[in-house]
Amino acid sequence: MIEANTPLLRMVRYFWPMVVLCIGLLIIVAAVDSTGDIILAQTLTEGLVRMVMVVALYMFIGNSGIISFGHIAFVLIGAYATAWQTCCPYTRDMFMPGLPTYLLNNSHHVVLAVFLAGLLAAFVALIAGFAIMRLSGIAASIGTFAFFMALYAAYGRWSTWTSGGSTVSPMEETTTPWSALAYAVVTIVAAFFYARSRWGLALRATRDDEIASKAAGVNVFGQRLLSFVITAFFCGMAGGLYAHFVAAITVDSFYLKMVFITLSMLVVGGMQSLTGAVVGVVVLSVVIDVLRRLEAGIGSFSLPTSSAEVGVGLIMLLILLFRPSGITGNAEIYWPFKGDISSSGAMKRQS
Amino acid sequence: MDYAIQTIISALSLGSFYALGALGIGLLFSVLRLINFAHGDFITVGAYALIVPSSAVTATLLIGDFHPALLVLCIVGIVVMLAILSYFVVFQHAQKSSPATMMIISFALGYTLQNIIVMIYGGRPKAAGIWSDLTGQVQISSGVSVQLLQLVTIAVTWILLIALVLFLKRTRVGIQMRAAAEDFRMARMLGVNGKNVIALAFILSGGLAGIMSLLFVTQTGVLKFSMGVPIMLFFFIATVIGGMGSLVGSVVGGYSVGIVSVILSAILPEELRGFRDTCVFILVIIVLLARPQGLVLTKAAKERV
């Protein structure tokens with residue numbers, strides 16, 4: 001029955017990696033939810049919020065081949081844009097007196113706020129990308145990095161809107177494992193379809209050979225800009241989710257450490273596959289959680305402080321040096337049944 | 001006028017500091033296409049090496065109490081060892097990776113180093129002053145007094161620059177290094193030992209980082225595990241602005257960034273002064289767009305099809 005090439009089966013097979021990833025996450029969330037462990041649920045929520053960031057990063061880096069150090073800037077924009085709309089309705093004018101009157105007096109529902117935050121991030125990406133996406137190779141990576149640093153420095157000083165270096169709080173902790181799962185699934189689905197769209201294909205062509213793709217009529221700058229804007233939207237939403245997860249944000253929580261953690265997750269999983277992005281987040285989240293528990297001590301045994309960070313750094317180094325294509329080897333999840341090779345060939349490797 | 005002289009001297013001193021840092025990064029980029037984000041953390045390690053390794057709140061000087069000549073030798077030695085080790089353990093295995101991947105690798109190395117420091121010394125900042133008489137003011141004419149350390153920084157930079165130029169122009173290995181920077185593959189075909197040249201670049205870069213950690217600790221008197229990060233960012237900007245892979249470019253870039261930052265803080269109106277760093281980073285993007293090879297052109301910088 002499995003070998004029969006019915007339309008339904010072909011469809012299932014086409015969506016196979018995406019379906020498996022989403023069901024896998026669903027099972028994890030349901031399992032954690034049934035244990036009722038609050039600390040575990042928090043780790044899970046954080047992991048799922050990071051998954052939105054990392055999958056968005058994959059959408060850009062995996063398809064364009066440009067390593068971006070700048071996407072955390074969009075997370076920062078999204079977090080603050082959400083705070084402008086939802087944070088502390090009674091003391092908002094104390095934290096952020098420079099806001100326009102409308103924002104000072106009105107609060108949006110969290111879902112709307114997060115969506116608008118994503119749009120703002122996308123808009124900033126459009127402006128910044130207009131300059132940065134003209135660059136190629138290492139210059140483009142440096143450009144994204146410089147953009148991130150410029151924005152970080154500006155937000156740190158823009159005290160009437162961001163309260164400078166001090167904390168903005170409290171925000172409602174509305175991000176639960178289930179709501180974070182919803183956003184993660186939406187992002188995974190978007191990444192899956194984007195990679196298979198004509199734009200995704202065109203962008204991968206520029207990644208594999210910029211000059212040949214230009215000769216074949218691909219608008220390199222346009223495709224990169226499009227991808228930059230789309231992924232900025234998801235990173236902006238992730239920022240909003242993150243703000244409503246930690247309930248108190250400072251500019252410093254969106255600095256190089258977050259850049260490093262998200263990039264590590266992507267690299268560890270495999271930069272050019274959606275499966276890699278998801279697997280990387282899961283694996284590193286588990287490793288960090290286990291090391292943190294060991295740091296806190298189990299019985300009389302405990303690891304020294306910052307073991308988790310050193311562990312992540314070392315794993316990252318080992319993977320980069322000895323398995324640069326990540327745990328998944330840049331492949332997607334295989335169709336496990338026998339079948340026509342010609343249609344599954346494209347599924348296995350999109351790189 | 002007096003104020004102008006003081007500003008010029010502090011601009012030159014900051015520029016010298018950035019030039020030394022940019023040179024440390026430029027040396028590695030020229031032969032290996034590596035933007036070494038761990039360079040700032042090499043400086044941090046050199047600074048922490050001054051004190052007794054412990055997580056105690058107050059720092060006790062160990063190497064920091066040695067005779068100055070021995071102190072310099074020890075710290076430079078330690079940082080050079082670290083740089084060499086990072087080549088043989090890490091970067092040697094990554095030579096075939098793309099520059100962006102190597103950048104992430106150095107990022108990972110820096111992150112690991114920082115957290116190893118936290119593991120050994122604890123995460124809190126510590127006071128550790130060396131050579132405190134250098135931070136005093138000296139009168140150079142009536143009304144103009146500058147910090148002695150600023151003059152020392154400028155002098156040290158120029159001594160090192162002249163030594164480096166002589167080394168690169170007059171010695172056999174120096175000439176090999178310049179050849180490798182120009183065209184690595186061609187140089188290897190003509191009999192230059194690539195491994196030696198890269199190892200040498202790491203030695204020089206580590207040596208510069210060692211000296212800089214001393215200058216930096218003397219200036220601030222504080223040790224912090226993340227102290228290398230912000231200064232590293234400015235070295236990095238300087239390298240990009242000056243031109244990746246060109247040593248002259250690194251020095252020019254370092255001075256430009258130092259002078260521009262001091263001038264911006266002097267002329268920007270009060271409410272905009274906080275946005276100085278933002279301006280400098282936007283300048284980087286503009287330079288990348290308008291003059292992608294940097295201020296100083298090298299032959300090797302051109303991308304080939």
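Is Cys235(A) buried or exposed?

Reply: At 1% relative accessibility, Cys235(A) counts as buried, where buried means under 20% relative accessible area, exposed over 50% and partly exposed in between, with a 1.4 Å probe and protein chains only. The model is predicted, so local features need pLDDT of at least 70 and side-chain atom pairs count only at pLDDT 80 or more, while totals for chains, interfaces and linings use all residues. Residues are numbered from 1 along each chain as its sequence is written, chains are lettered from A and ligands numbered from 1 in the order in which they are written, and side-chain values use heavy atoms, with hydrogens and water left out.

The structure holds one disulfide over all chains, a disulfide being a pair of cysteine sulfur atoms within 2.5 Å. The disulfide joins Cys87(A) to Cys88(A), with an S to S distance of 2.2 Å. Its torsion about the S-S bond is about 100 degrees, so the disulfide is right-handed. Both Cys87(A) and Cys88(A) are buried. Cys235(A) is in no disulfide, and the nearest cysteine sulfur, that of Cys22(A), is 18 Å away. In chain B, Cys279(B) is partly exposed, with a relative accessible area of 36%.

Next comes the second largest pocket. Pockets and cavities are found on a 1 Å grid over the protein atoms alone: a cavity is a set of points where a 1.4 Å probe fits but cannot get out, a pocket is an open set with protein on both sides within 12 Å along at least five of seven lines, and lining residues have an atom within 4 Å of a point. The second largest pocket holds about 1200 Å³ of space. It is lined by 48 residues, and the closest to its centre are Tyr255(A), Leu256(A), Lys257(A), Met258(A) and Tyr111(B). By class, the lining has 27 nonpolar, 12 polar and nine charged residues.

Helices of both chains each supply at least two residues of this lining, among them α13 (220-246) and α14 (256-269) of chain A and α4 (99-121) of chain B. Helices (H or I, at least four residues) and strands (E, at least two) are DSSP runs, numbered from the N terminus. The largest share of the lining, seven residues, comes from α9(B).

For α4(B), 19 of the 23 residues are buried, so the helix is largely enclosed by the rest of the structure. At 1.5 Å a residue, its 23 residues should span 33 Å, and the end C-alpha atoms are 33 Å apart, which agrees; the expected span is 1.5 Å times one less than the number of residues. After α4(B) comes Gly122(B), whose phi is positive, near 85 degrees.

Most residues other than glycine have a negative phi. In the loop between α13 and α14 of chain A lies Ala247(A), whose phi is near 75 degrees, a positive value in a residue other than glycine. At 9% relative accessibility, Ala247(A) counts as buried. Asn330(A), in the loop between α16 and α17 (341-348) of chain A, has a positive phi near 60 degrees. Asn330(A) is buried, with a relative accessible area of 11%.

Terms used
Points joined across faces, edges and corners; volume = space filled by probe spheres on them. Nonpolar A, V, L, I, M, F, W, Y, C, P; charged D, E, K, R; others polar.
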